Amino acid sequence: MKLKLLFAKIGFVMVLITMGVLSTSFFQPADHPPAPDQDHQKSDEEPWETVVMEEEYNAGEKIIEHIIDSHEWHILDYKDSEGEKHHVSIPLPIILLHEGRLHAFWSSRFQHGHASYNGFKLETEGDHKGRIIRTLESDMIDSEAIVEKKSDELPVDLSITKNATAIIISSILLSILFIGIARRYQRRKYEAPKGVQSLLEPLILFVRDDIAKSSIGEEKYMKYMPYLLTLFFFIFFNNLLGLVPFFPGGANVTGNIAVTGVMAFFTFLIISFSGNKEYWKHIFNTPGVPWWLKVPVPLMPVIEIIGLFTKPFVLMVRLFANITAGHIIILGFISLIFIFGNLDVTYGYGVSIVSVLFSLFMTLIELLVAFIQAYVFTLLSALYFGMTVEEH
Amino acid sequence: MELVNPGIGLIFWMTLVFAILIIILGKFAWKPIMKALKERETFIDESLKAADKARDEIKDMEFSNEKLMKEAKQEHDAILKQARKTKDSIIEKAREAANEEADRIVENAKERIENEKKAAMTDLKNELADLAIEIAEMILKDELSDIKKQKKYIDKLIDEAQLN
């Protein structure tokens with residue numbers, strides 16, 4: 001018995017060490033600056049190239065790079081035997097609206113920000129970093145040294161970015177999953193759930209009984225069930241996918257303010273459209289409040305109207321901040337390996353053990369957070385719906 | 001793209017995809033799932049109720065069975081009791097009748113014996129009288145063969161008669 005435990009412990013430590021070593025070797029090529037002579041040579045040809053080549057590992061920049069949206073799905077960087085740096089990523093469609101014209105092409109045309117295409121270019125520095133900007137073509141054929149002028153005007157960027165791709169992929173997966181389960185429900189009508197169905201049924205019942213029924217009420221909850229269930233599973237599923245470090249996971253979907261904002265906006269729309277007379281009366285003419293809070297200066301209505309918008313705003317920020325924070329902490333622990341690795345390779349290996357342990361711990365907490373945040377977003381939405389349809 | 005600066009493209013795609021997802025899942029997943037769940041719940045509910053009812057019915061049936069048994073037993077007992085009673089009374093009556101008959105027979109026998117006795121006595125008396133007369137004749141004949149003796153005897157008879 002004791003021997004078994006010892007073996008298990010040794011095995012665990014070995015797995016950790018392997019993981020540490022793997023992760024170091026995995027990231028190593030990306031973080032080691034290329035040979036200086038080559039760097040120099042390249043920068044002569046392409047002046048914008050220099051900014052990409054950092055001399056040192058910049059943890060903050062790397063972390064932000066991992067959690068924000070991007071126009072390509074970055075897989076890995078590696079250096080081949082000749083020391084040349086390769087950048088592997090999945091190209092994504094770029095869709096731009098500029099001066100009434102639609103431009104569509106693959107993001108591979110930009111060569112990871114090294115080239116411009118069709119008068120557009122992926123900005124790699126400054127205020128618009130990561131956005132697509134317009135370059136003025138007339139300036140491009142100037143003299144020997146190609147100097148690009150940048151236009152202040154930004155095209156309307158409707159590209160299917162990394163997060164948009166992740167949203168589409170996860171939506172397709174969710175549809176396949178739940179439509180399959182729905183079929184099974186219809187086929188095995190009065191039987192006990194089986195397989196994935198029995199895995200997800202408690203969650204569906206949880207959303208129905210503990211979220212919708214308890215906060216909206218027995219009579220009216222049915223109307224909101226499709227939205228609440230979609231919301232809950234979309235957030236939960238994407239939270240979990242966000243923790244998977246490789247394709248199709250790894251996109252920080254629920255930690256993106258645009259995504260959480262859209263979901264909060266949907267909640268806001270449903271609140272506004274399902275509000276009954278009493279709900280609006282409560283906002284514009286709050287009962288049970290002294291008249292002088294309403295009449296010369298409409299203090300209460302103003303507060304209530306602000307409240308109308310703070311509710312979805314808080315929903316948006318809470319989910320975004322929680323998920324992003326979790327990702328930053330995990331990436332921070334991973335970054336520690338490279339910060340120490342840059343000082344000395346052995347430090348890197350040493351720290352990797354601790355870092356992997358902490359990342360593992362954080363990932364487990366993130367699993368919990370993934371559920372809790374999905375629950376909180378759905379519960380609060382349901383509570384707001386309950387308030388709007390409440391009969392006094 | 002900045003961290004807290006939402007990209008217009010992502011907002012557009014998210015809105016589109018999320019709206020489509022709500023519609024698709026709402027129509028093809030949540031509606032049938034919620035319906036099936038509800039149906040299953042009512043089915044289970046009804047089944048439990050039916051089982052409860054069946055149990056009650058069985059209990060009722062058991063109760064009525066018991067009652068029937070009890071009644072049957074009571075009836076059985078009553079019949080037995082009645083039978084015993086009848087038997088006893090019959091025996092009693094029979095005994096009484098037998099006693100009466102016996103008494104009557106005894107009475108008759110007694111009467112007849114009495115009569116027979118009387119007849120026998122009468123016969124015996126007659127016999128005796130005859131016998132006495134004969135004896136007396138013989139004695140007298142013998143006695144009276146001598147005058148002295150006759151006289152003595154006559155005297156004695158007279159004495160006796162006077163004494164009586």
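Reader: The expected span of a helix is 1.5 Å times one less than its number of residues. What should helix H10 of chain A span, then?

Author: This is a predicted model, to begin with. H10 of chain A covers residues 345–389, which is 45 residues, so it should span 66 Å. Its end C-alpha atoms lie 62 Å apart, and that agrees.

Reader: Where is the kink in H10(A) centred?

Author: On Ser352(A). The kink there is about 30°.

Reader: Back up a helix. Where is Thr310(A) found?

Author: In helix H9 of chain A, residues 299–343.

Reader: Is Thr310(A) buried or exposed?

Author: Exposed. Thr310(A) has 12 other C-beta atoms within 10 Å, and a residue with 12 or fewer counts as exposed.

Reader: How far apart are Thr310(A) and Gly348(A)?

Author: In sequence, 38 residues. In space, 45 Å, C-alpha to C-alpha.

Reader: Zoom out. How many helices and strands does chain A have?

Author: Ten helices and eight strands.

Reader: And what share of the residues in chain A is buried?

Author: 30% of its 392 residues.

Reader: What about contacts in chain A between residues 24 or more positions apart?

Author: Take the contacts with a separation of 6 or more.

Reader: On to strands. How do E1 and E2 of chain A run?

Author: Antiparallel. E1(A) is residues 72–79, E2(A) is residues 85–91, and seven bridges join them.

Reader: Which residue stands opposite Asp77(A)?

Author: His87(A), in E2(A).

Reader: Which residue in the hairpin of E1(A) and E2(A) takes a positive phi?

Author: Gly83(A), near 80°. That hairpin has five residues between its strands.

Reader: Next sheet. What is the order of the open sheet that holds E3?

Author: E4-E3-E8, in chain A. It has three strands, with antiparallel pairing. The edge strands are E4 and E8 of chain A, and each pairs on one side only.

Reader: How many bridges are there between E3 and E4 of chain A?

Author: Six, in the antiparallel sense. E3(A) runs over residues 93–98 and E4(A) over residues 101–106. Ile95(A) stands opposite Ala104(A), and Leu97(A) has Leu102(A) as its bridge partner.

Reader: How do strands of a sheet hold together, in general?

Author: They pair through backbone hydrogen bonds, either parallel or antiparallel.

Reader: How many residues sit between E3(A) and E4(A) in their hairpin?

Author: Two. In that turn, Glu99(A) has a positive phi of about 50°.

Reader: And how many bridges join E3(A) to E8?

Author: Two, with the strands running antiparallel. E8 of chain A is residues 156–157. Asp157(A) in E8(A) stands opposite Leu96(A).

Reader: There's the E5-E6-E7 sheet too. Which strands stand at the edges?

Author: That is an open sheet of three strands in chain A, with antiparallel pairing. E5 (116–117) and E7 (132–134) stand at its edges. Each has a single partner strand, so one side of each is left without a neighbour in the sheet.

Reader: What is the bridge partner of Ser116(A)?

Author: Lys121(A), in E6(A). E5(A) and E6(A), residues 120–122, pair in the antiparallel sense over two bridges.

Reader: Switch to chain B. How many helices and strands?

Author: Two helices and zero strands. The radius of gyration of chain B is 65 Å, well over the 15 Å that the globule rule gives for 164 residues, so chain B is more spread out than a compact globule.

Reader: What does the C-alpha trace of chain B span along its principal axes?

Author: About 200 × 25 × 20 Å. Buried residues are 9% of the 164 in chain B.

Reader: What about helix H2 of chain B: how far apart are its end C-alpha atoms?

Author: 24 Å. H2(B) is residues 147–163, and its 17 residues should span 24 Å at 1.5 Å a residue, which agrees.

Reader: Last one. How many residues does the contact take from chain A and chain B?

Author: 41 residues from chain A and 30 residues from chain B. On the chain B side, those residues divide into 24 nonpolar, four polar and two charged.

Key
Residues are numbered from 1 along each chain as its sequence is written. Chains are lettered from A and ligands numbered from 1 in the order in which they are written. This is a predicted model: local features need pLDDT of at least 70, side-chain atom pairs count only at pLDDT 80 or more; totals for chains, interfaces and linings use all residues. Two strands pair if DSSP finds at least two bridges between them. Helices (H or I, at least four residues) and strands (E, at least two) are DSSP runs, numbered from the N terminus. Two residues are in contact if their C-beta atoms, placed from the backbone, lie within 7 Å. Ala, Val, Leu, Ile, Met, Phe, Trp, Tyr, Cys and Pro count as nonpolar, Asp, Glu, Lys and Arg as charged, and the others, Gly among them, as polar. The radius of gyration is taken over C-alpha atoms; the globule rule is 2.2 Å times the number of residues to the power 0.38. A residue is buried if 20 or more other C-beta atoms lie within 10 Å of its own, exposed if 12 or fewer, and partly exposed in between; C-beta atoms are placed from the backbone. The bend at a residue is the angle between axes fitted to the seven residues ending there and the seven starting there.
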